[in-house]
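Here's a quick briefing to read alongside the model. Have the sequence and the 3D view open as you go.

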Amino acid sequence: MTLDLAVLDAYQTMTGAAPEGIWRAPGRINLIGEHTDYNDGFVMPFALPQAAYLAAGRRDDGVIRIVSVDLGEQFETTLGALAPNNDGWHAYLGGVFWALREAGYQVGGADLALASDVPIGAGLSSSAAIECVLVEALNDLYDLGIAPMDRAKLARRTENAYVGAPTGLMDQAASTLCTEGHALFLDCRSLEVEQVPLDLAAHGQAILVVDTLTRHSHADGEYATRRADCEQAARLLGVPALRDVAVDGLAERLASLGDERLVRRARHVVTEDQRVLDACAALRADDLPRLGELMTASHVSMRDDYEITEESVDQAVEVALANGALGARMTGGGFGGCVLALASLDDVDTIAEAVTREFARSGRDAPATFVARPAAGAGRLS
Ligand code: GAF
């Protein structure tokens, strides 16, 4: 059964009535620009076909009743009982009601049925998809008239202030604002966006995603310590954010930090921002070999300077490159999850097989692999 039908069915079973509508919000893969969003920098994700689906209907008694099709679990609470927590899957939904009400929007209760095929903990924004699909639904159902970027910000506030993960805006912006066939270039300071055409198949190329199945959690300390390092480096350098540090003369400028770890963290962010700008230019010029080079350089920087990769993603990148990929890098917060490889359509199967073979040699489980096509952002299905 498709997920839109699955949530329809689950909603009807829970309530005995039809939902008022069904919404979808996608996961994302980040083409390039990692850990730059909370440094006021640049990112370039695209939306995936994998998405969260929600059937929803209003309630006038302040009750929130949610069924998760994937987990076979039901959860019930009230608007009055909502308080920041990280006690499970339903926090990402309860937090959206909370964030909207904190921002002054008049939302009542709701019945909700949720299903998602975005892999959890794979660096593909499964939590943002859940937050964003509910923001979409409540915006429509309660006629809130919230503009798309503000919807993304409210979803991010759920993650930051309710669930307690200190993430940037990239994932919620991608899930909300991406359009089919495009990558989203986002300036995380000005919030300007550009839809950059990403028709790789027209050039005989594809993005192969290798999910190493190594799992991470944003709520853990590593993400927060990276963020704190960046903020400290910016303070010491006397700039509002690392976005404000120029690539030219970087080595001399960073030497003044007097701390090797902070130098490496800041170097990753400053050079990664430049790589996003260069990657955007490469895409506009259809220069895919250059895009590939930048992706690989991004991975090396995450591995050596930001120190957020681990053995399985490093191995997947190495094997992809050794088998003809133009470029490859880990995507997402780090410490496992997915690698994306830019490769000729003819090489995609060979690369997937080679990674699977090398993983087996190293005693790892077979990775999950798929070709990612840029899909549409969040919206109402019916
Ligand atoms: C996670 C966060 F949610 C994003 O905001 C971003 O910082 C990303 O890690 C790293 O680029 O997905």
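Over residues 10-57 the chain is 12% helix and 58% strand, with the end C-alpha atoms 13 Å apart. Helices (H or I, at least four residues) and strands (E, at least two) are DSSP runs, numbered from the N terminus. Keep in mind that this is a predicted model, where local features need pLDDT of at least 70, side-chain atom pairs count only at pLDDT 80 or more, and totals for chains, interfaces and linings use all residues. Residues are numbered from 1 along each chain as its sequence is written.

**The annotated stretch**
- UniProt, in an unreviewed entry, lists residues 10-57 as "domain: Galactokinase N-terminal". UniProt positions are given in the numbering used here, feature names are shortened, and annotations may be inferred rather than shown by experiment.

**The 9-10-8-11 sheet**
- Four strands make up an open sheet in the order 9-10-8-11, with antiparallel pairing (two strands pair if DSSP finds at least two bridges between them).
- Strand 9 (327-330) and strand 11 (368-372) are at the edges with a single partner strand each, so one side of each has no neighbour in the sheet.
- On average, neighbouring strands here are turned by 20° against each other, direction ignored. Axes are lines fitted to C-alpha atoms, for helices over the stretch in contact, and angles run from 0 to 180 degrees between N-to-C directions.
- Strand 8 (residues 205-211) and strand 10 (residues 338-344) are joined antiparallel over seven bridges; Leu208 has Ala341 as its bridge partner, and Ala206 stands opposite Ala343.
- Strand 8 also runs antiparallel to strand 11, through five bridges, with Ile207 partnering Ala372.

**How covered is strand 8?**
- Seven of the seven residues in strand 8 are buried (20 or more other C-beta atoms within 10 Å of a residue's own; 12 or fewer is exposed, in between is partly exposed, and C-beta atoms are placed from the backbone).
- Both faces are covered, with Gln205, Ile207, Val209 and Asp211 on one side and Ala206, Leu208 and Val210 on the other.

**Helices on the sheet**
- Helix 10 (residues 311-322) lies across strand 8, strand 9 and strand 10, and runs at about 170° to strand 9.
- Glu307 sits in the loop between helix 9 and helix 10.

- Most residues other than glycine have a negative phi.
- Glu307 isn't a glycine, yet has a positive phi of about 55°; Glu307 is partly exposed, with 16 other C-beta atoms within 10 Å.
- Leu191, also not a glycine, has a positive phi of about 65°. Leu191 lies in the loop between strand 6 (182-187) and strand 7 (193-197), and is partly exposed, with 14 other C-beta atoms within 10 Å.

**Around Ile64**
- Ile64 belongs to strand 3 (residues 63-68) and counts as buried because 23 other C-beta atoms lie within 10 Å.
- Thr78 is 14 residues from Ile64 in sequence and 5.5 Å away in space, C-alpha to C-alpha.
- Beyond neighbours within four places in sequence, Ile64 is in contact with residues including Thr77, Thr78, Phe97 and Ala110 (contact: C-beta atoms, placed from the backbone, within 7 Å).

Technical notes. Contact = placed C-beta atoms within 7 Å.
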